[in-house]
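Reader: I am new to this structure and would like a friendly tour. Could you show it to me and take my questions?

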Amino acid sequence: MKLILALDFGGTKLAAALLEVGSQEWLRYERRLSPRNANATTDLGIMRELVGSLLQGEKPDAIGVSFGGPVDAATGVVRLSHHVPGWENVRLRELLEEKFGIRVSVDNDANVAALGEFSFGAGVGYESLFYITVSTGVGGGWILNGKPFRGASGMAGEIGHMVVDPNGPLCLCGKRGCVERLASGVYMGRDLREILVKDLQRLERGEGEKVLELVGGDLGLVTGKVVSDAASLGDELAREILYRGAWGLGLGIGNVGNLMNPQLFVLGGSVTKAGEGWWEVVRKTALETALPEVDFEIVKASLGDDAPLWGAVALALLNQ
Ligand code: ADP
Ligand code: ZN
């Protein structure tokens, strides 16, 4: 096999790349943002254009696909996208196999990123790892004994909705105190905003001041990134929200360590850029939660924004 085509259908962007097997660099690479009112048809149309300009008439030998939402990896059927309408039950693998006449592998982005980090990133040389993305939401993917583990219906690794605080705030899934509810960028931003609107006493004590400065008084602009920037400027309220998120994630990691005993946890997604204080709380809480005999490392993902594409390459190679 010589040429692999890697595709990434993200919630907000589409990317495609072509790789010669054995090379460390893309032969060609294309990326485009999804339009605001994107649906499955417009996404597929944009991807068709990207692939056309990548291939320039050449024929790939295999295709790997990362999809930002639940997928049945065995059949390559997309269940749905939480961000883009119209993806319900789209037979993505079949569609691409019919078009290109070659083998196509499809899986969800967290599983694909886990495989990417295992094959080309922070997990090279390890046998078992759990990859966690901490971004708009929180998701995870397993590599066990050198192979992806997806569970009975492809839902293994959903650490985002592991409950770590049963009396905590209500999550979109209907439960309270899920890891995602505490640690995701979107929820951290929302919680800080709500406190600033409701709790005037804290504002009067000067808490939240740095946040207000950063957004020029416009609370609509408070995001996870603003929470972490304000925390690093010493804002007490922002620190409380950020470290509560890190604590929730650390609890989740410690519990997963006790349950499955992987060698390594690899953390990706933009919230991991929140700084050393965040990492310290994650690591300390995870260690305190796990039994002393349960040993693991927690490291940063190394493939960055291209993780889904590298993972898609690894997936295509795995299924040869
Ligand atoms: P996606 O969810 O589309 O994969 P990202 O991984 O970039 O995207 O995650 C986006 C989330 O991360 C947003 O909620 C954003 O506010 C948050 N974020 C971005 N940078 C930081 C940072 N330095 N610290 C904490 N949160 C951040
Ligand atoms: Zn939940």
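Author: Let us begin with a term: donors are N, O and S atoms within 2.8 Å of the metal (3.2 Å for Na, K and Ca), and water is not among the atoms, so sites may look incomplete. This is a predicted model, where local features need pLDDT of at least 70 and side-chain atom pairs count only at pLDDT 80 or more, while totals for chains, interfaces and linings use all residues. Residues are numbered from 1 along each chain as its sequence is written, chains are lettered from A and ligands numbered from 1 in the order in which they are written, and side-chain values use heavy atoms, with hydrogens and water left out.

Reader: What spacing do the donors of the zinc ion (ligand 2) follow along the chain?

Author: The zinc ion (ligand 2) has its protein donors 2.0 to 2.4 Å away: His161 (ND1), Cys171 (SG), Cys173 (SG) and Cys178 (SG). Read along the chain, these donors give the spacing H-x9-C-x1-C-x4-C.

Reader: Which geometry does the site of the zinc ion (ligand 2) have?

Author: Four donors count as tetrahedral if all angles lie between 85 and 135 degrees. The ideal angle for four tetrahedral donors is 109.5 degrees. Here the angles among the four donor atoms are 102 to 121°, and the site is tetrahedral.

Reader: Is Cys171 buried or exposed?

Author: Buried means under 20% relative accessible area, exposed over 50%, and partly exposed in between (1.4 Å probe, protein chains only). His161, with 22%, is partly exposed. Cys171 has a relative accessible area of 5%, so Cys171 is buried.

Reader: Which helix gives the largest share of the shell around ligand 1?

Author: Helices are DSSP runs (H or I, at least four residues), numbered from the N terminus. Helix H5 (185-198) and helix H8 (224-232) each supply at least two residues of this shell. The largest share, three residues, comes from H8.

Terms used: Four donors count as tetrahedral if all angles lie between 85 and 135 degrees; four count as square planar and six as octahedral if opposite donors are over 155 degrees apart and all others between 65 and 115; anything else is irregular.
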